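User: Hi! Could you walk me through this structure in plain words?
Analyst: Happy to; let's look at it together.

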Amino acid sequence: MLLDVRGLRGGYGGGDVVKDVSFRAEGGEIIFLAGPNGCGKTTLLRLLLGQLPAAGGAVLAEGQDLRTLSPRARANLIAYIPQQHTPIFSYTALEVVLMGRASHFSAFDAPRAADREAAFAALERLGAGYLANRSCLSLSGGQRQMVLIARAVCQSAKIFLMDEPAANLDYANQQLLLDTAAELARWGCCVLMSTHSPEHLFAAGHKVLLMREGRAAAFGPPEEVVTPQSLEAVYGVEMDVASIRDRYGAARTVCLPVRRPKD
């Protein structure tokens with residue numbers, strides 16, 4: 001088991017925001033984390049990263065309790081891709097990706113040629129090698145997300161935590177992001193991605209963790225977990241889940257809010 005979360009709870013000092021959340025994930029799986037604002041999605045990710053101390057429960061990666069690992073060892077297991085990143089300095093994309101190698105050498109060492117080769121290979125692996133020498137200040141939001149994912153790949157992590165990475169991306173770049181997450185899963189990585197779009201849950205997810213008021217409302221395959229009843233319970237909005245076929249005959253599932261007819 002690559003990721004095993006057991007009864008995790010914690011918050012910011014004024015009480016638990018995340019309350020007794022448990023789930024398990026294997027390599028090669030994409031887990032979507034969904035729920036309304038304030039339900040605890042970002043707090044859960046911060047607890048998994050160790051940025052917040054857990055008040056209870058445990059997080060195991062490859063059977064190792066993350067609390068017992070050094071920051072360097074933890075970084076070699078788990079990588080974080082934020083919702084958005086606005087660079088302050090004019091680093092090139094290659095330099096940003098190279099920062100993912102920090103856990104592979106000491107603070108007093110300079111990156112070696114092998115580290116630079118690994119950084120460029122990470123960009124190339126994601127089809128973004130053409131960005132290597134461009135300033136991150138000049139990149140679009142979608143391109144910056146590719147650079148951040150390449151940095152995580154360069155980190156050699158096995159678990160990728162993505163905090164609403166599709167936020168502020170146009171539709172085409174959202175699709176590119178989902179395709180990239182699917183590629184990471186094919187490489188054997190585990191991807192845990194929070195989202196505000198119910199359609200994403202069926203587009204690429206193997207499992208869905210629905211959250212409500214800090215608790216796991218449901219966990220399992222999207223076709224079992226994502227129902228009109230569960231969506232209404234979580235979001236407080238009446239929704240339908242419909243199956244359609246696209247122009248090429250492929251089955252697709254969409255979620256859409258509904259309105260009661262006026263009398």
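**The open sheet**

Analyst: Four strands form an open sheet in the order β2-β1-β4-β5, with antiparallel pairing. Strands here are DSSP runs of E with at least two residues, helices are runs of H or I with at least four, and both are numbered from the N terminus. Two strands pair if DSSP finds at least two bridges between them.

User: Which are the edge strands?
Analyst: β2 and β5 (64-65), each of which pairs on one side only.

User: How many bridges join β1 to β2?
Analyst: Six bridges join strand β1 (residues 3-11) to β2, and the two run antiparallel. L8 stands opposite V21 in β2.

User: What holds strands of a sheet together in general?
Analyst: They pair through backbone hydrogen bonds, either parallel or antiparallel.

User: Before we go on, where does the model come from?
Analyst: It is a predicted model, where local features need pLDDT of at least 70, side-chain atom pairs count only at pLDDT 80 or more, and totals for chains, interfaces and linings use all residues. Residues are numbered from 1 along each chain as its sequence is written, and side-chain values use heavy atoms, leaving out hydrogens and water.

User: OK, zooming out. How many helices and strands does the chain have?
Analyst: There are nine helices and twelve strands. The chain's radius of gyration is 19 Å, close to the 18 Å from the globule rule for 263 residues, so the chain is as compact as a globular protein of that length. That radius is taken over C-alpha atoms, and the rule is 2.2 Å times the number of residues to the power 0.38.

User: What does the C-alpha trace span?
Analyst: About 70 × 45 × 30 Å along its principal axes.

User: And how much of the chain is buried?
Analyst: Buried residues make up 47% of the 263 residues. Buried means under 20% relative accessible area, exposed over 50%, and partly exposed in between, using a 1.4 Å probe and protein chains only.

User: What about E164, what is its phi?
Analyst: E164 also has a positive phi, about 45°, although it is not a glycine. E164 lies in the loop between β7 (159-162) and α6 (171-186).

User: Is E164 buried or exposed?
Analyst: E164 is buried, with a relative accessible area of 12%.
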